[in-house]
Structures are given as structure tokens and as C-alpha cells.
Amino acid sequence: MKLSKPNPILIPKVLSIAGSDSGGGAGIQADLKVITALGGFGMTAITAITAQNTMGVTRIQDIDLDVIEAQIDAVVTDIGVDVVKIGMLASPAIVKTVAAALKKHGIRRIVLDPVLRATSGASLGGDDTARTMVTELFPLATIITPNLHEASILLGRPIVAVDQFRAAAEQLLALGPRAVLIKGGHLEGEPNELADYLIWHDRKDDVPVVFHKEFKHPRIPTVNTHGTGCSLSSAIATYLADKHDLSHSVAKAISFVSAAIEAGQRLDIGKGPGPLWHMHDFYPTQLPDQQ
């Protein structure tokens, strides 16, 4: 029997349902680093194992559906979950399994990062998976966080410019999630300033309202951006689990990831684009005269 404690410490509990990145920069590994850095307790349900490094993805092995379901059941029934973050789901069958498990446990706070393609260009899902995400997971999601490539796949048309963000976000919102964040990190031409666009349902004076907000921040000149999307979505999930509202959670997550990219400029990990530095608050990478 577990002994009760007189003054228990309660910390945000976040379950990441995603793929494993053997290189440690993205996927489950990045999620756990972010959740821990932000003061949460991270748990996992691994959906696929990738052979991956900074140069790209060389192999993907999906996890059996019953094992994915068993991982979710094990975590939820014992530890409990404040927020779920969903990343790589490599097939329609995995999407349906995850959706069924979330419905079974009544989990309603879900951050969905629709990972469909790696930064290297490798396919991590495809059109069938995207369509299944829309029907099975979008109606459950608190927020979805597609980048421009993913938004283009989901909408069936190219999204390449900032002036297209609002229409794209509105169209995605109409598919069922309560909020959409379109990430502008893949804008063509490498502009000096990046934009992310948030749209969400809320209430004002007890009347349903749709809110819009644009976040602008400078582009940081570095190739070390591997795992940025995974890190942002897991940061949003952790801030939501820590009882911040949606807009504030997104703003804080963008600031955290921007700081991690800036700190990661000095990292020398791998022969290709390296990861950001998730632990920048604990182990700074600046030289003394830069601090």
C-alpha cells in the first residue's frame, strides 16, 4: 500500500504519445527534455521507433497497436494525465488506436502536432494518415500545431506566405479543433522576422467568440533547429498542464523554444542540423562575455 504524504507536491503531468528519435533531438526524447525543463512530469506512449540522427531518418518501425494502447492505459489508470501531447503517428491504424484510447479515458486536453514529414523530407505519415487525423483526432484536440508543410498537406494546397496564414488557420479550425497554431518557421526566402498565427474558440461575456493572435519573433541564424516542432508542442502542453490559459501557454512556449534555439547555436552535435538546447536555463552555452 502506498503511504499518503501530509503535504504532497503536485506537478503538471504530461503524456507524450509520439515516436522515438534515436538521435535524441526530436520526438519522445525532445518531449521529455522540454517537459522536465519546464517543471513537469513526463510520461510516454511510444508509437514508432526511428533510426534517426542529424542527417536524416533511415528506418521506421511501428509499434504494435495493442502495445500502444497498453502504454496509454498503464499511464492513465495509475498516474493520471493533465494534458496529452501527440506527435508522430505513422499510419491511419495508429491514429485510430490513439483516438479510441483517449476517448475511452475521457481525456479532453490534447495538443496535437500533426507530424507528417521530417525536416529531412522523409515521410512520417502521408495523405491517408492526415485524413484520418482530421476525422479522428481534430475533434478531440485542444490545439493543433502544424508547420507550413503540414498545413499544406492537411488543406491540399500550398501555404507559403504570411498573408495566407489567417485563411489557412480558419479553414483548419473549421475541421474541429478548438485552436490552431500555424508555425511560420519554414517561410521561403529566410526572412529576418518569423510569424506564427494562433486562432482559437473562446467566450466573451458568455458569447462564443473566435480570437486571433499573431506572434512575431526574429529568425535566429543557425542550422541547429532539429526537433523545434516537437519541442514547441510539448512546451504548450506543459504550460497548459500548469494551468496557464491557451494564448499565454502558446506565447510562453514560443519564448522558451526561441531561447533554446538561441542557446543551441553553440552546440556541436552530429554532422547535420543539430538540436536546440532544451536545458538552457540550467546549463548555459554562452561564453562568459556573452552572458
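Leaving aside neighbours within four places in sequence, leucine 137 is in contact with Ile86, Leu89, Val95, Ala99, Leu102, Leu112 and Thr132. In this predicted model, Leu137 is also, together with Ile17 and Ile86, one of the residues with the most contacts inside the largest nonpolar core, a group of 47 residues. Helix α3, which covers residues 92-104, gives the most to this core, contributing six residues. Apart from this core lies another one of 31 residues, and among its members are Trp200, Ile236, Tyr239 and Ile254. In soluble globular proteins, nonpolar side chains tend to be buried together.

**Overall form**

- The protein chain is made up of eight helices and nine strands, and its radius of gyration of 18 Å is close to the 19 Å that the globule rule gives for 291 residues, so the chain is as compact as a globular protein of that length.
- Along its principal axes, the C-alpha trace of the protein chain spans about 55 × 45 × 45 Å.
- Of the 291 residues in the protein chain, 50% count as buried.

**Surface and charge**

- The accessible surface of the protein chain comes to about 14,100 Å², and carbon and sulfur atoms account for 53% of that area.
- The protein chain carries 26 positive and 30 negative side chains, and the centres of these two sets lie 3 Å apart.

**Helix α1 and its surroundings**

- Within helix α1, which runs over residues 27-37, the buried residues are Gly27, Ile28, Ala30, Asp31, Val34, Ile35 and Ala37.
- These buried residues of α1 pack against the strands β1 (13-21), β2 (41-53) and β4 (83-86), and also against the helices α7 (228-241) and α8 (246-264).
- Helix α1 is followed by glycine 39, which has a positive phi near 90 degrees.

- Most residues other than glycine have a negative phi.
- Lysine 243, although it is not a glycine, has a positive phi of about 75 degrees.
- The place of lysine 243 is in the loop between α7 and α8, and with a relative accessible area of 76% this residue is exposed.

**Valine 210, a partly exposed strand residue**

- Valine 210 has its place in strand β9, which covers residues 207-218, and its relative accessible area of 37% makes it partly exposed.
- When residues up to four places away in sequence are not counted, valine 210 touches Leu173, Ile199, Trp200 and His201, and of these Trp200 is also listed among the members of the 31-residue core.
- Valine 210 and isoleucine 199 are 11 residues apart along the chain, and their C-alpha atoms are separated by 6.9 Å.

**Threonine 145, a buried loop residue**

- Threonine 145 lies in the loop between β6 (143-144) and α5 (148-155), and at 1% relative accessibility it counts as buried, since the cut-off for that class is under 20% relative accessible area.
- Not counting residues up to four places away in sequence, threonine 145 touches Val111, Leu112, Asp113, Pro114, Glu150, Leu181, Lys183, Ser233 and Ile236.
- Of these partners, Leu112 is also in contact with leucine 137, while Ile236 is one of the residues in the core of 31 residues.

Notes. Residues numbered from 1 in each chain as written. Predicted model: local features only at pLDDT ≥ 70, side-chain atom pairs only at ≥ 80, totals over all residues. Heavy atoms only, no water. Core = buried A, V, L, I, M, F, W, Y, C linked by side-chain atoms within 4.5 Å. Buried < 20%, exposed > 50% of the residue type's maximum accessible area, 1.4 Å probe, protein only. Helix = DSSP H or I, 4+ residues; strand = E, 2+ residues; numbered from the N terminus. Contact = heavy atoms within 4.5 Å. Rg over C-alpha atoms; globule rule 2.2 N^0.38 Å. Areas by Shrake-Rupley, 256 points an atom, 1.4 Å probe, with all protein chains shown as cover. Lys, Arg positive; Asp, Glu negative; His and termini not counted. Charge placed at Lys NZ, Arg CZ, Asp CG, Glu CD.
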